Amino acid sequence: VSAKGTQHAAEITDIKWNPTVFNILASSAANGAVTIWDLKSKKIAASFNVNITTPQQSAAAVALSWSPT
């Protein structure tokens, strides 16, 4: 998945279409990156990192779900 030269730098763990806005797609990667793609404009609509690292645990984005509201 890429847009204007930007892509995930780690293995993609999940991809979900937005159930109400059909040109919006979300993807997550093993390094915790989550990207919201606008396929109509061919641009990234939003991106953030949900990687959690503490002395006790390490977790990354492995599954996505759109809120029903």
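Buried here means under 20% relative accessible area, exposed over 50%, and partly exposed in between, with a 1.4 Å probe and protein chains only. Strands are DSSP runs of E with at least two residues, numbered from the N terminus.

This is a predicted model, in which local features need pLDDT of at least 70, side-chain atom pairs count only at pLDDT 80 or more, and totals for chains, interfaces and linings use all residues. Residues are numbered from 1 along each chain as its sequence is written, and side-chain values use heavy atoms, leaving out hydrogens and water.

**Stop one: strand 4.** Select residues 24-29. Six of the six residues in strand 4 are buried. Ile24, Ala26 and Ser28 point one way, while Leu25, Ser27 and Ala29 point the other. In a regular strand, side chains alternate between the two faces of the sheet.

**Stop two: its partners.** Two strands pair if DSSP finds at least two bridges between them. A hairpin of six residues links strand 3 to strand 4. Now show residues 33-38, strand 5, joined to strand 4 by five bridges. Here Leu25 has Trp37 as its bridge partner, and Ser28 faces Val34. Between strand 4 and strand 5, click on Gly32, with its positive phi near 95°.

Zoom out to an open sheet of four strands in the order 3-4-5-6, paired antiparallel. Strand 3 (12-17) and strand 6 (43-49) each have a single partner strand, so one side of each lacks a neighbour in the sheet.

**Last stop: Ala63.** Select Ala63, in the segment after strand 8 (58-59). Ala63 is exposed, at 57% relative accessible area.
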